[in-house]
Amino acid sequence: MAKAPVLTPQADDFPRWYQDLINKAELADNGPVRGTMVIRPYGYGLWERMQAEMDARIKETGTQNAYFPLLIPESYLTREADHVEGFAPELAVVTHGGGKELEEPAVVRPTSEMIINDYFSKWVQSYRDLPLLINQWANVVRWELRPRLFLRTTEFLWQEGHTAHATHEDARDFASRIHRRVYEDFMVNVLAMDVVPGRKTARERFAGAINTLTLEGMMGDGKALQMATSHELGQNFAKAFNTTYLSQAGTQELVWQTSWGSTTRMIGALVMMHGDDSGLRVPPRLAQVQAVVLAIKGDEAVLATVRELGDRLKAAGIRVQVDDRVDTPFGRRAVDWELKGVPVRIEIGPRDLENGTAMLARRIPGGKEAVSLDTLVERLPGLLEEDQALLLTQSRERRLSRTVEVSTIEEAVEAAATGWARIPWADLGAEGEARLAEQGVTVRCLVAEDGSVPQSEDAPGNVAVVARAY
């Protein structure tokens, strides 16, 4: 009988493949409350690497980290009508505490615009206090009706940035800077993900915003996933919270604001964009373990060589783990590391020692080759960079090959069955967007003819990118 595959093949059942991989690569488990999740150490290690890379980019913009309370007075959410309407169905509300009914219910934060703006109104007095640039790493709760690990969970981890500026232009430019220099740079150069930067339509933009910038990625099944967003809030929240400053001219002016965020959803994106039927494929620049050195047998000479090679790789700046668990069968260990998507496995047994070589298995392009132990450390950084570039190329080629130009709504719906479609926004418009939504297809973003981000929703030549989405 043929041996059963470790994972359900993608072609047979992509959602089941995704769940299998999350489980068998030990990324996460379902939490005890419906829609929550327990992120396991290997999955959390990916998030820690994402945090570190993004946090460095965020701080390069002059933004500082802070922390705000998890519980928000319910009355705060009524101050900006569009915002509260957008989040009302997802709210979790605390009505009792300390054995008593609360005088005012508290909302578990779905996002922090409200409470942060309350403090911005206290902290901003004059133009000298601007721009005020704040970010927080936190958890949020949005009651999710159709949960799926990492993609949509009732509680998830994220960063949310909030800023206040003296002018519309400064706020607009900062939102764009976060969009391209923080999020897009991170996704392309660390996650090796091909993403499309664009502008959300009025129907799809963030509740309370005047403009939302997005990055959309194509997953392995052709569906879209919103990766991160950056919002221009205009003066909507400034009006609600009376956030004003004394200008250089001596007049009281409302601030202009932005907010922007990215979440643990990116781990789900990593799985669905780069994973294959053998498991994860983690980009080398992201991987917390870039190379694992495996001892095939418990021979003392083999164990000594494995550990010494691990030290040499570490000294060369490679994030390495030595696997000398020879009481566990080698085949099982090799499959586990393949499932986890570690870019390189270096396998050493007695015969390899005799030949002065190691067997090098590359997860991303696949294949094995015998490599001299003397040259391995020197070669490895270059191979890792090759593999990083290959993942980006593959994700870009998938998007390009599965995106078609269409001119009608019917053609767009047909294309969205297997990939994305591009249709002139002038031909589609808000009415056509509503008709698409009736069939489960959404406008993921608008892009200009040259692929740049449009300055407005109705700019001439805008193209709508449409797809089914997670």
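Student: Okay, where is Asn242 found?
Tutor: Asn242 sits in the loop between helix 6 (236-241) and strand 12 (244-246). Keep in mind that this is a predicted model.

Student: Got it. And what's phi of Asn242 near?
Tutor: Phi is near 50 degrees for Asn242, a positive value in a residue other than glycine. For background, most residues other than glycine have a negative phi.

Student: Is Asn242 buried or exposed?
Tutor: Asn242 is exposed, with a relative accessible area of 53%. The cut-off for exposed is over 50%.

Student: What about Ala192, what's its phi near?
Tutor: Ala192 has a phi near 55 degrees, again a positive value in a residue other than glycine. Ala192 is in the loop between helix 5 and strand 9 (195-199).

Student: And is Ala192 buried or exposed?
Tutor: Buried: the relative accessible area of Ala192 is 0%.

Student: Switching to peptide bonds. What kind of bond joins Leu130 and Pro131?
Tutor: Leu130 and Pro131 are joined by a cis peptide bond, with omega about -5 degrees. Pro131 lies in the loop between helix 4 (113-123) and strand 7 (132-141).

Student: Now helices. How do helix 2 and helix 5 cross?
Tutor: The axes of helix 2 (residues 41-60) and helix 5 (residues 168-189) come within 10 Å and cross at roughly 150 degrees. The two helices are therefore roughly antiparallel to each other, and helix 2 passes helix 5 in a right-handed crossing.

Student: Why is helix 7 largely enclosed by the rest of the structure?
Tutor: Ten of the ten residues of helix 7 (residues 265-274) are buried, so the rest of the structure largely encloses that helix. Among the buried residues are Arg265, Met266 and His274.

Student: How many bridges join strand 5 to strand 6?
Tutor: Five, with strand 6 covering residues 100-108 and the two strands running antiparallel. Within that pairing, Ala92 stands opposite Val108 in strand 6.

Student: How does the domain assignment divide the chain?
Tutor: The assignment gives domain 1 (14-274), domain 2 (291-383) and domain 3 (406-456). Between the C-alpha centres of domain 2 and domain 3 there are 48 Å.

Student: Let's look at strand 15. How many of its residues are buried?
Tutor: Five of the five residues in strand 15 (residues 291-295) are buried. Both faces are covered, with Ala291, Val293 and Ala295 on one side and Val292 and Leu294 on the other.

Student: In which sense do strand 15 and strand 16 pair?
Tutor: Strand 15 pairs with strand 16 (residues 320-323) in the parallel sense, over four bridges. To get from strand 15 to strand 16, the chain goes through helix 8 (residues 300-315), and that β-α-β crossover is right-handed.

Student: And how many bridges join strand 15 to strand 17?
Tutor: Five bridges, and strand 17 (residues 344-348) runs parallel to strand 15.

Student: What's the story for Ala291 then, which residue is its bridge partner in strand 16?
Tutor: In strand 16 the bridge partner of Ala291 is Val320, while in strand 17 Ala291 stands opposite Val344.

Methods. Residues are numbered from 1 along each chain as its sequence is written. This is a predicted model: local features need pLDDT of at least 70, side-chain atom pairs count only at pLDDT 80 or more; totals for chains, interfaces and linings use all residues. Side-chain values use heavy atoms; hydrogens and water are left out. Two strands pair if DSSP finds at least two bridges between them. Domain bounds come from an automatic or database domain assignment. Buried means under 20% relative accessible area, exposed over 50%, partly exposed in between (1.4 Å probe, protein chains only). A crossover is right-handed if, with the strands pointing away from the viewer, the path from the first strand over the helix to the second runs clockwise. Axes are lines fitted to C-alpha atoms, for helices over the stretch in contact, and angles run from 0 to 180 degrees between N-to-C directions. Angles under 35 degrees count as roughly parallel, over 145 as roughly antiparallel, 65 to 115 as roughly perpendicular and the rest as oblique. A crossing is left-handed if the near helix is turned anticlockwise from the far one by less than a right angle, and right-handed if clockwise.
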